[in-house]
Amino acid sequence: MSRPVRRALLAITLLLAASVAAAAPAQAVNSVPTLTTIRTGNNPTFDRVVLDLGPGGTPTVSYQLVDELTSDPSGEIVWLTGQYFVNVAVSHAAAHDDAGNPTYTGPQKFRTRNLSNVMAVAVTGDFEAELTIGLGVRSRTAVNVFTLTGPNRVVIDVAH
């Protein structure tokens, strides 16, 4: 193999390696969407809580009706206004960036006086790409939890 051909192959190899290395950090930063805002709204038949998330993969969500809310990972009881409680788990999401800086700077707990059933909201956990949110509610009713994309959001609807 001639010297110019070897140089050309080396140059191509270096360019490819540099482009792969440059793309890897961008993918890592955007892989886990981060919480930026919590919004609430009162609709005629349900209360809505929306978790606004930054770019990244689509998280999976689930919920449980529980007797009390606990903090993840400590397991300590989270005291929140409400007769009953809804624990919402958002897997593959966080409330901090890769450097550990908070991306959600709002209150960790707040009352929702404008809603009919949801009395309060709390961020109860942000550990190992598992974000948990607790809701204190007046009555046990239907709950619907789902995700939307473009931008990423988690929607929690609680019937009146």
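The model is predicted, so local features need a pLDDT of at least 70, side-chain atom pairs count only at pLDDT 80 or more, and totals for chains, interfaces and linings use all residues. Residues are numbered from 1 along each chain as its sequence is written, and side-chain values use heavy atoms, with hydrogens and water left out.

**Confidence**
- The chain averages a pLDDT of 88 (the predictor's confidence in each residue, from 0 to 100), and 81% of the residues score at least 70.
- Residues 24-29 stay under 50, and the model has two contacts for them beyond four places in sequence (a contact means heavy atoms within 4.5 Å).

**Five-stranded sheet**
- Here the strands (DSSP runs of E, at least two residues, numbered from the N terminus) line up as β3-β6-β9-β8-β7 in an open sheet with antiparallel pairing; two strands pair if DSSP finds at least two bridges between them.
- β3 (60-66) and β7 (109-111) sit at the edges with a single partner strand each, so one side of each has no neighbour in the sheet.
- From one strand to the next, the twist averages 15° (axes are lines fitted to C-alpha atoms, and angles run from 0 to 180 degrees between N-to-C directions).
- V90 faces L131 in β9.

**Four-stranded sheet**
- This open sheet goes β1-β2-β11-β10, again with antiparallel pairing.
- Its edges are β1 (35-42) and β10 (143-148), each with a single partner strand, so one side of each is left without a neighbour in the sheet.
- β1 and β2 (residues 46-53) pair antiparallel over seven bridges, and G41 stands opposite R48 in β2.

**Salt bridges**
- The count is three salt bridges, taking a side-chain nitrogen of Lys or Arg within 4 Å of a carboxyl oxygen of Asp or Glu.
- D52 meets R39 at 2.8 Å, N to O, which ties strand β2 to strand β1, 13 residues apart.
- D52 is buried at 14% relative accessible area, while R39 is partly exposed at 39% (buried is under 20%, exposed over 50%, partly exposed in between, with a 1.4 Å probe and protein chains only).
- R48 pairs with D157, the closest N and O atoms being 2.7 Å apart; R48 is partly exposed at 27%, and D157 is buried at 10%.
- D67 and R140 meet at 3.6 Å, N to O, with D67 exposed at 68% and R140 partly exposed at 43%.
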